[in-house]
Every structure is written in structure tokens, then in C-alpha cells.
Amino acid sequence: MAAGPWGWGSAALALLLALLLALLLGGARRLRRRYAADGARASLRGRAAARADGVRALLVTAHPDDEAMFFAPTVLGLGRAGARAAVLCCSAGNYYNQGEIRKKELERSCFLLGIPASDVTVIDHRDLPDNPAVEWDTQLLAAFVLKHIEANNINLVVTFDAGGVSGHANHISLYTALRYLHSEQKLPEGCHVLVLESVNLFRKYISILDVPVSCLLPRDALFILTEEETEQARRAMRCHHSQLLWFRHIYMLFSRYMVINSLRLL
């Protein structure tokens with residue numbers, strides 16, 4: 001039986017969409033290779049463009065697994081350029097009473113990302129609980145972070161923005177604390193703060209197809225991983241065995257945060 005006009009029209013539309021997707025993927029892969037080849041120096045702009053080999057970066061996270069789930073492109077990108085990075089995790093991730101397990105998972109993940117255990121610090125304070133409904137005390141958190149910055153001569157801090165990527169209250173609390181330190185001019189001279197851009201749900205889950213969008217939009221820093229580095233980031237995420245529920249496997253496949261970090265300076 002011959003196909004009607006609607007059948008041919010649907011087939012033509014499907015073919016057109018497939019060609020468009022192939023073009024988008026091809027363009028995204030070319031941009032990815034170009035930015036990855038340029039390295040972190042070419043990814044930093046303006047005040048963020050300090051010599052990478054002189055950067056002493058501190059990644060401030062809320063929970064063990066944030067470093068791999070959200071910030072792997074930044075950590076690997078800075079490391080690729082010769083910067084030294086450390087992690088300050090502001091809770092042990094004890095929401096399900098797995099804090100001790102998650103501390104060990106964090107160390108293994110950071111090792112795969114190029115950060116030794118000696119540069120990983122976990123704050124396990126009763127007033128900073130792992131809880132998506134709890135906003136942490138700004139003054140207390142700011143005091144912990146500032147003490148760590150000063151003790152380790154940090155000149156670049158990386159953390160979440162006001163959206164916290166996932167909207168988690170603990171993530172947003174980190175932004176509030178760093179914004180307070182920055183606005184009150186309490187940070188050491190020459191210490192800058194980069195915050196990770198939160199994107200809408202569509203962009204969040206289109207993986208490398210978000211590369212062209214991220215390249216076009218304004219930002220102060222952009223890190224894009226190679227295919228090999230993306231697999232390295234996934235291996236780091238797999239260290240967090242206690243957190244690997246089915247939906248996190250899907251996240252690792254499709255989230256742009258496993259491949260791309262776009263950041264802005266405070």
C-alpha cells in the first residue's frame with residue numbers, strides 16, 4: 001500500500017531533524033576539541049585571566065560528590081593549565097547517616113581529579129547539616145571559609161552561584177557566604193571568586209550540545225572537557241558508590257556539568 005502525503009511528510013521531517021541533529025553534534029564536537037586544546041588560559045577572561053601556574057584555587061562545595069557531579073570541568077581544566085586546586089567540603093553528607101563513608105569516597109574522587117587527600121578538607125559541624133531544606137548560617141560558614149583561604153594563601157575561590165545549579169539550599173548558602181565575604185571586602189587582596197552558572201533544565205541535560213550555547217553567551221571562564229577527561233570525571237563520580245542511584249547514571253550521561261562549566265566573577 002502506497003504511503004499517503006502525511007506518511008511521506010513525516011518521513012521527510014524525521015530525516016530533516018536527524019540531519020539537523022547530526023550538524024549540531026558535529027559543530028559541538030569541533031568546538032569542544034578547540035576549547036579543550038586551547039586549555040584553561042584561553043578559557044579565562046578579564047580579571048580571571050591570571051597566570052594559571054600561579055593560581056592557588058579553592059573549590060568550596062556543600063557535599064561529597066559535588067566536586068565530580070558539578071565542578072569536574074573546572075578542576076580538570078585548572079589542573080591541565082598547571083594551577084593547584086584544593087577542596088573545602090562544608091559537610092560530610094550525613095543526611096542518610098553515611099558521613100564517614102562519603103568522606104572516604106570524596107578522597108578517592110578527588111585523587112582521580114588530581115587533588116591529593118592532603119588538599120581535601122571536610123567541615124563536619126552540627127550547625128552545617130546536609131539537608132536540602134536548611135539554609136546554613138552565613139556568618140558561621142563565612143568564618144570557616146575565610147580561615148581556610150587565609151591559612152592556605154588562596155587567590156581563587158570557586159563555588160555555586162545564587163541558583164546552586166540544583167536549587168539545593170546548602171549550595172545556595174555557599175554562594176551567600178562568599179558573596180558576603182566579597183561585598184564586605186573581607187577576602188585577601190587579589191583573591192577572586194568564580195561562581196558556577198546555573199542553567200535551565202533543557203540546557204542542563206543536553207550534554208555537549210550545550211557547547212555552542214556556552215561559547216556564545218557571556219561568561220568570565222569556560223572549561224570544556226575532552227572525551228578522555230569526561231570519562232575521567234565519570235570515574236571520579238563513580239567513586240561515590242553510596243550515591244549512585246539509577247538517576248545519577250542518567251545524569252552522568254546527559255548532564256552538561258560533566259563536560260562544561262561556565263563561570264562568572266563576583
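Is R102 buried or exposed? R102 has a relative accessible area of 5% and is therefore buried, a term that means under 20% relative accessible area, whereas exposed means over 50% and partly exposed in between (1.4 Å probe, protein chains only). The structure is a predicted model, in which local features need pLDDT of at least 70 and side-chain atom pairs count only at pLDDT 80 or more, while totals for chains, interfaces and linings use all residues. Residues are numbered from 1 along each chain as its sequence is written, and side-chain values use heavy atoms, with hydrogens and water left out.

R102 forms a salt bridge with D130, with 3.7 Å between the closest N and O atoms; a salt bridge is a side-chain nitrogen of Lys or Arg within 4 Å of a carboxyl oxygen of Asp or Glu. R102 belongs to helix 4 (residues 99-112) and D130 to the loop between strand 3 (120-122) and helix 5 (138-151), so the pair ties together parts that are 28 residues apart in sequence. Helices (H or I, at least four residues) and strands (E, at least two) are DSSP runs, numbered from the N terminus. D130 counts as buried because its relative accessibility is 12%.

The whole structure has 10 salt bridges. A network of them links E197, R203, D210 and R256. D210 lies in the loop between helix 7 (201-204) and helix 8, and R256 in the loop between helix 10 (246-254) and strand 7 (260-265), so their pair ties together parts that are 46 residues apart in sequence. Both D210 and R256 are buried.

S214, in helix 8 (residues 211-216), is in contact (heavy atoms within 4.5 Å) with R203, R219, L222, R256 and I260, leaving aside neighbours within four places in sequence. S214 counts as buried because its relative accessibility is 2%.

Aromatic rings form another theme. There are 7 aromatic pairs in the structure. Rings of Phe, Tyr and Trp (its six-membered ring) pair if their centres lie within 6.5 Å; planes under 30 degrees apart count as stacked, over 60 as edge-to-face and the rest as tilted. The centres of the Y95 and Y96 rings are 4.9 Å apart and their planes stand at 80°, so this pair is edge-to-face. Y95 is partly exposed at 42% relative accessibility, and Y96 is exposed at 61%. One aromatic cluster consists of F70, F71, F160, Y205, Y251 and Y257.
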